[in-house]
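Hi there,

Here is the structure I promised to pass on. Have a look at it first, and my notes on what turned up follow below.

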Amino acid sequence: MDREEKEKWIDKLLVFMNDEVDNYGHGVKAITFNFSENIELDEHFHLFNENNPISFENFSQVMNICISRKYVRFSAMGGGRYDWLQLTESGQGVAISSLKQDKSLSELGDINIGTLNSNGVAQIGNNNVLNIENMLINLVEQIEKSDATDDEKKQAKSKLKAFLEHPVTKTILGASVGVILAKMGL
Amino acid sequence: MAAEKELKLKCLFCFSTDFILPDENYQPQPGEMIQCSNCGKLNDYDSLMRVVEKESDDFIQKEADKFAKEIEDKLNKSLKF
């Protein structure tokens with residue numbers, strides 16, 4: 001089991017324990033868990049394993065991490081290796097945060113990109129619009145409309161042209177530079 | 001008897017105390033998720049507060065026990081002949 005997988009199992013285990021706590025309607029201290037392997041089928045390891053099949057060896061690794069991070073604690077000593085366990089406030093917090101995190105991700109819904117053809121640089125995003133052309137055309141219009149002298153306007157536009165023709169800008173904007181310059185009348 | 005302890009909200013995943021907030025005096029609302037600036041994970045603000053409340057309860061209990069022990073020791077000493 002790699003690290004990422006372990007983190008996922010930690011979330012699953014804590015969510016399972018938190019659900020049990022929620023089902024009883026008491027605080028975290030009121031519920032004790034028995035995750036011992038060789039015990040009656042109605043005990044917690046088997047209940048957890050029903051919906052989340054995992055070997056006891058892997059489960060032990062996950063549970064040990066939970067104990068060391070203080071997501072889970074022993075409420076009493078004795079009994080089996082994973083008997084008398086309680087979810088802690090931190091463990092409950094991780095469970096709730098993970099559930100809310102999953103929920104906010106699913107609320108985002110599917111992002112449909114469709115077919116993307118790009119010869120140059122492309123920006124892919126959700127609900128964002130890349131419109132450099134319009135922005136620059138608007139900028140030239142604003143320069144034209146301004147109260148500056150003709151010389152100043154000419155100077156501003158030539159600086160803009162120099163910016164667009166700079167090799168770095170050209171690399172970023174690709175073929176769009178020519179189109180932008182033509183549209184702006186530069 | 002005066003004991004002080006500063007308690008900070010700690011990321012539930014990486015235990016960092018740094019969070020991404022709009023400004024220094026920002027007060028998160030109940031139910032809000034706040035992002036850890038170290039691991040980037042979202043933390044449920046209510047849960048973070050519950051953890052801090054538990055820590056403060058534990059601290060107060062520990063200090064109270066310490067105080068009771070001090071009183072007991074002083075009483076034992078003063079009653080000794």
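Let's start where two helices of chain A meet: Trp9(A), Lys12(A), Leu13(A), Phe16(A) and Glu20(A) in α1(A) touch His44(A), Leu47(A) and Phe48(A) in α2(A). Please keep in mind that this is a predicted model. The axes of α1(A) and α2(A) come within 11 Å and cross at roughly 120 degrees. The crossing of α1(A) past α2(A) is right-handed.

Leu13(A) is worth a click in your viewer. Beyond its neighbours within four places in sequence, Leu13(A) contacts Phe35(A), Phe48(A), Phe59(A), Val62(A), Met63(A) and Cys66(A).

Now to the largest nonpolar core, which has 37 residues; Leu13(A), Leu14(A), Phe35(A), Phe59(A) and Met63(A) touch the most other members. Both chains supply elements that give two or more residues to this core: α1 (3-24), α2 (44-51), α3 (56-68), β2 (85-87) and α4 (89-107) from chain A, and β2 (33-36) and α1 (45-78) from chain B. The largest share, eight residues, comes from α1(A). A second, separate core has nine residues, among them Val177(A), Ile180(A), Leu181(A) and Met184(A).

As for confidence, the model scores ipTM 0.77 and pTM 0.63. Chain B has an average pLDDT of 89, with 98% of the residues scoring at least 70. Among the elements of chain B, the mean pLDDT is lowest in α1(B), at 91, and highest in strand β3 (residues 42-44), at 94.

Best wishes

Definitions and conventions. Residues are numbered from 1 along each chain as its sequence is written. Chains are lettered from A and ligands numbered from 1 in the order in which they are written. This is a predicted model: local features need pLDDT of at least 70, side-chain atom pairs count only at pLDDT 80 or more; totals for chains, interfaces and linings use all residues. Side-chain values use heavy atoms; hydrogens and water are left out. A nonpolar core is a set of buried Ala, Val, Leu, Ile, Met, Phe, Trp, Tyr and Cys residues joined through side-chain atoms within 4.5 Å. Buried means under 20% relative accessible area, exposed over 50%, partly exposed in between (1.4 Å probe, protein chains only). Helices (H or I, at least four residues) and strands (E, at least two) are DSSP runs, numbered from the N terminus. Contact means heavy atoms within 4.5 Å. pLDDT is the predictor's confidence in each residue, from 0 to 100. Axes are lines fitted to C-alpha atoms, for helices over the stretch in contact, and angles run from 0 to 180 degrees between N-to-C directions. A crossing is left-handed if the near helix is turned anticlockwise from the far one by less than a right angle, and right-handed if clockwise.
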